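Have the model open in your viewer, and let's walk through a few of its features together. The cut-offs come along as the terms turn up.

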Amino acid sequence: MERDSVEYRYLFSIVMAVYKVEEYLEEAIDSVISQTLDFEKHIQLILVNDGSPDNSESICLNYQQEYPNNIVYIHKENGGVSSARNEGLKYVQGKYVNFLDSDDKFSKETLKNVFNFFEKNNKEVDVVSIPLIFFDAKSGNHILNYKYNSSKVVDVFSEYRFIQLQIGSSFIKSTYFQKIRFNENMKYAEDAEVLHKIILEKGTLGVLKEGVYFYRRRPDNSSAIQMSEHKKEWYNEYLKNFSLGVVDYSKRKLGFVSKYTQYLVMYDLQWRLKLESRPSVLEEQELYEFYELLSATLSNIEDSIILEMPNMNLYLKNDVLLKKYKEKPRKVYLKDDIRLYINNNYINSLKNQKVTLDFISMDNNILSIEGHFGSLFDKDEVKIEIKINNSFYELTNVDREEKNLYSLGKVIKTFKGFIRTFDLRDLEETNLINFYVSSDQNHRVPIGLHMGKFSNISNFRNSYYSAGDWILLYKNNGLQLKKKSSQFDKLKTELSYLYSIYSSKEIGSKKAIIARNIHFLFKALYKKEIWLFMDRQHKADDNAEHLFKYSQTQKDRIKKIFVINENSSDYSRMKKIGKVIPFGSYRHKIMVLITKNIISSHAEDWVFNPFNSMSKYYRNLMNSNFIFLQHGIMHNDLSSWLNKYNKNIKLFTTTTEREYEAILNGKYTYDRNVVKLLGLTRYDNLYNYANDSNKSKKQILISPTWRNHLVTHLNQSNGERKYSKTFKHSEYFSMYNNLINDARLNEMANKLGYSIIFLPHPNIRQQIEDFDINDNIQISFGDDGYQKLLVESSLLVTDFSSLAFDFAYLRKPVIYFQFDENHIAPDYFSYEQDGFGPVFNTYEETVNSIIEHMKNNCNLDMTYLDRINQFYTFNDNQNCKRVYEEIKKL
């Protein structure tokens, strides 16, 4: 394949397929032009416009005019990335070829270092790869970057884990493309297929650590890779063309399936197997075919390759082997262990497993321990026992369905939950507590412990939990329960724990020692009960604020404090109501350790755990009650997030009977002692306006909820998100930008004297500059209060927002504009059957309905009025009173 005597016009030809990348294209091109290797002397850039409908062509032409000797511009009809790359290959004049994606970029030294590596190792290697590092919506190293500990040429038959799939971070001798082209019938892994063919020629790969391929992860998940699981071609066609295709090629080329090929196939296959849900794009017959193709693929992969996959958990590996052999694991009983084997492959040992303790409490002389056990052992075949001193105690089973693990819609692992209580008065003064698991034949095996985030103890050495007359310590992978013999026992235990923290020299250890000491000082000084109130980190004006206002009218010996970011516009306003401390401040963190109740309208972990991963030092001090006021009426199934084992809510307020029953009977795992029908506290204020028609204006409020995949990640410290460049290319943006600028809508509003207000969700606020704002539209961020907007508006247009429940509470009409599917799993509430207004899936229907409502003075249809009257349990201004009194009972 090589022709060293050939003279090349350039050292490198960069072929770049261009499609819908106007936001990123300049950044990609500039990273090539700005290389330390002279661009005008040594680099050819071939821009192939694959029928891009945006402004990409103009950008390409501008660069071509500036560098006519280096940049080739090609325009073609849309045919896909392989078609574009094949077209670009016709114009290659460089010694080495690369296919930089048009939304990615190189580090400045990349091409210079790649060239030097090639020249040094030219006869040994045909492909050189560089590290891939994520940027934009994701940061950090790609998981295959372990290849780059040093720059070298590797033998892929012996170092088969050094796989290369991504062609943008690969540089290839151009001579190979005299015969090889990308398969235009392949939608996925077409680049990995080409690389596989070339690398198998010599069986080598150059790995160069002195270079970086910056790989963009888009905030809106709009790249081809990020959208792939929603495409049929990602499944059956992929298995046929790539997985089985490269297996067949290796057999034809080498006479066997190389371990390099096996590892390559298994690595890329795992992303399909990791999907929890059944692929909705596949029909039943297609799903059956997928499993047949999967079985054929797995038959060509050795068990050892499956078992050494570093990015697959043991449960998924076990499931893959079960699919391959269609047999249950075989048990082998040893003296102090039980081992599992599949096809003579050792896969699991009972001795190496751990029991997770989710909750430990000592109240009213009762020790309660609740937890769960995983492992590859069938939950119905194992028995968990607690050994206290010399006695064994069986446990009561608890359903832990919320922990089930899934692959492609099928359960691949269930967990055994358990609970056990002991009367402390029946125990000795010193007790050693250990856990044992047995499977069949009553073969007891001692196993270790993992402490859950609500267990009051961490796995840190000498961590302890003290309550009443007892101290429980974590020691030697077990627990030690001791009765205090004097008032100094707890002090001795604390000093021992502080010494363990100090001697660990771990991150945060010194701060933890200081904070724990301050905590004990504050605990002694503060005689009053303390309650902390919070809405968002940077925003009040929700249920916590309303309850906080009410609490100021209650003359009790409770110190009430509101927590909010000091930079928030609400900070100074809240200070006029009561005591306020900055979110994330040292004082806030100390208060979390001494408060009795944390009361919030939100349930993210930062509400009750401002320490993040450093909470391991404070586990026994973080024992306040978490009261969840809710952000709105819950009508979707959020049990996977809000269940007891993930949030440990001590008072879960609800507003309607249907919501109450849905949470109580759902998978949230709370009982009637926790879930209470009390009402949203902010509704007290709404009630006062409910029958006051004088407050309402001729005003249309457009306020959709947000979409997680369209925005950047939340900064946990300040509650803000960075601007997303791709948001304005989404259907969501297009629909609502068109709606607020619709000529018919604006004309009718002007004619009938209506104003239109657009209220973006707080998580969309950073994108407001994308919207085209005309003179008829007012933009609001709710800075004057959401309730003021609701009260003054005559009609609400939304999609899935819980704001509709507040608006309907005022007995006003709602229009649901649902052009896409609900991004959260529905629960008991059907918009069509239970909603408070008409539901439309099309833009035209929505516009026409808004106009009709304006013409009819935004009157509420009796059908929807009846639904509203039946839906709400409380129609009074006593919600704050009910909630406040319930909190005092805790």
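**Inside the second largest cavity**

The second largest cavity has a volume of about 60 Å³. A cavity here is a set of points on a 1 Å grid over the protein atoms alone where a 1.4 Å probe fits but cannot get out; grid points are joined across faces, edges and corners, and the volume is the space filled by probe spheres set on the points. This is a predicted model, where local features need pLDDT of at least 70 and side-chain atom pairs count only at pLDDT 80 or more, while totals for chains, interfaces and linings use all residues. Residues are numbered from 1 along each chain as its sequence is written, and side-chain values use heavy atoms, with hydrogens and water left out.

Which residues line the second largest cavity? They are His538, Lys539, Pro760, Pro762, Arg765, Phe781 and Tyr786, where lining means having an atom within 4 Å of a point. That lining splits into 4 nonpolar, 1 polar and 2 charged residues, with Ala, Val, Leu, Ile, Met, Phe, Trp, Tyr, Cys and Pro counted as nonpolar, Asp, Glu, Lys and Arg as charged, and the others, Gly among them, as polar. The structure has 3 cavities of 30 Å³ or more.

Next up is helix H15, residues 543–551. Helices (H or I, at least four residues) and strands (E, at least two) are DSSP runs, numbered from the N terminus. In H15, 7 of the 9 residues are buried, so the helix is largely enclosed by the rest of the structure. Buried means under 20% relative accessible area, exposed over 50%, and partly exposed in between (1.4 Å probe, protein chains only). Among the buried ones are Glu545, His546 and Phe548.

Now for some strands. S13, S14 and S15 form an open antiparallel sheet in that order, where two strands pair if DSSP finds at least two bridges between them. S13 (330–333) and S15 (345–349) are the edge strands, each pairing on one side only. S14 (residues 338–342) is joined to S15 by 4 bridges, and Leu340 stands opposite Asn348 in S15.

Elsewhere, S18 (residues 382–388) and S19 (residues 391–394) run antiparallel, joined by 4 bridges. Glu385 stands opposite Glu394 in S19. The two strands make a hairpin with 2 residues between them, and Asn389 in the turn has a positive phi of about 55 degrees.

Finally, the cysteines. The structure holds 0 disulfides, a disulfide being a pair of cysteine sulfur atoms within 2.5 Å. Cys60 is buried at a relative accessible area of 0%, and Cys858 is buried at 8%.

Key
1 Å grid on protein atoms, 1.4 Å probe; cavity = no way out; pocket = protein on both sides within 12 Å on 5 of 7 lines; lining within 4 Å.
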